[in-house]
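The sequence and structure come before the entries.

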Amino acid sequence: MAAQGPTFVGVEKCKPCHRPEFETWSQSAHAEATKSATQAPGFNASCLSCHATNPDGSLEGVQCEACHGPGSQYWPIPVMMHREKAVAAGLVLPAPGMCNRCHDGQDHHKAVEWGAFKHDHREKRQAVELP
């Protein structure tokens, strides 16, 4: 049997420890991205590559793991409370160019400037940094 790779755990696993991030995300267009795509004329499954967290769209919206990677290996508290351990376990620390995967300025994909959109919780405070 082949070993299973990291899997998505969903925003409910992130929310308890990352409440400010959850609150800004839940009020953003990212939270509604799957719904807005599936209700749009011309929707097809390929839209979910940008408008959902996972390919089948079962995790609605562009949740935490769409940018930070599947969390099954890094979300447990003993791992997540240590940045180095979390990164070693698969946590992705987004960089400015990452947004361009979807926000490429083509078609309806609005180009964005890193740090200039509502969900950018770093504008309120730095992300939690534990030892």
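How exposed is Lys 35, going by its relative accessible area? I am working from a predicted model, and there I find Lys 35 partly exposed, with a relative accessible area of 41%.

**Entry: the salt bridge of Lys 35.** I looked for the partner of Lys 35 and found Glu 32, with which Lys 35 forms a salt bridge whose closest N and O atoms are 3.2 Å apart. Glu 32 also counts as partly exposed, at 39% relative accessibility.

**Entry: the other salt bridges.** I searched the whole structure and the search returned 3 salt bridges. In general, side chains of opposite charge can pair when their charged atoms come close. I noted that the side chains of Lys 15 and Glu 12 meet in a salt bridge at 3.1 Å, N to O. Lys 15 has 19% relative accessibility and therefore counts as buried, the limit being under 20%. I then turned to Arg 19, which forms a salt bridge with Glu 23, their closest N and O atoms being 3.5 Å apart. Both Arg 19 and Glu 23 are partly exposed, Arg 19 with a relative accessible area of 41% and Glu 23 with one of 32%.

**Entry: helix α2.** I placed Arg 19 and Glu 23 in helix α2, where they lie 4 residues apart, about one turn of the helix. An α-helix has 3.6 residues a turn, so residues three or four places apart point the same way. Which residues of α2 (19-26) are buried? I list Glu 21, Phe 22, Thr 24 and Trp 25, and I note that α1 (11-14) is among what covers the buried residues of this helix.

**Entry: Ser 28.** I followed the chain into the loop between α2 and α3 (33-38), where Ser 28 is found. Ser 28 is buried, with a relative accessible area of 8%, and its side chain reaches the backbone nitrogen of His 30 at 3.2 Å.

**Entry: cysteines.** How many disulfides are there? I count 1 disulfide, and it joins Cys 50 to Cys 102, with an S to S distance of 2.5 Å. The pair links distant parts of the chain, for Cys 50 sits in helix α4 (residues 48-51) and Cys 102 in the segment after α7 (83-88), 52 residues apart. The link of Cys 50 and Cys 102 is left-handed, with -95 degrees about the S-S bond. Cys 50 counts as buried at 19% relative accessibility. I also checked Cys 14, which is in no disulfide, the nearest cysteine sulfur being that of Cys 64, 3.9 Å away. Cys 14 counts as buried at 14% relative accessibility. Cys 99 is likewise in no disulfide, and the nearest cysteine sulfur, that of Cys 67, is 6.4 Å away; Cys 99 is buried, with a relative accessible area of 15%.

**Entry: the whole protein.** Of the 131 residues in the protein, 29% are buried. The protein exposes about 8400 Å², of which carbon and sulfur atoms supply 59%. Among contacts between residues at least 6 apart in sequence, 50% join residues at least 24 apart.

Technical notes:
Residues numbered from 1 in each chain as written. Predicted model: local features only at pLDDT ≥ 70, side-chain atom pairs only at ≥ 80, totals over all residues. Heavy atoms only, no water. Buried < 20%, exposed > 50% of the residue type's maximum accessible area, 1.4 Å probe, protein only. Helix = DSSP H or I, 4+ residues; strand = E, 2+ residues; numbered from the N terminus. Contact = heavy atoms within 4.5 Å. Salt bridge = Lys/Arg side-chain N within 4 Å of Asp/Glu carboxyl O. Polar contact = N/O pair within 3.5 Å; in protein donor to acceptor, adjacent residues only side chain to side chain. Areas by Shrake-Rupley, 256 points an atom, 1.4 Å probe, with all protein chains shown as cover. Disulfide = S-S within 2.5 Å.
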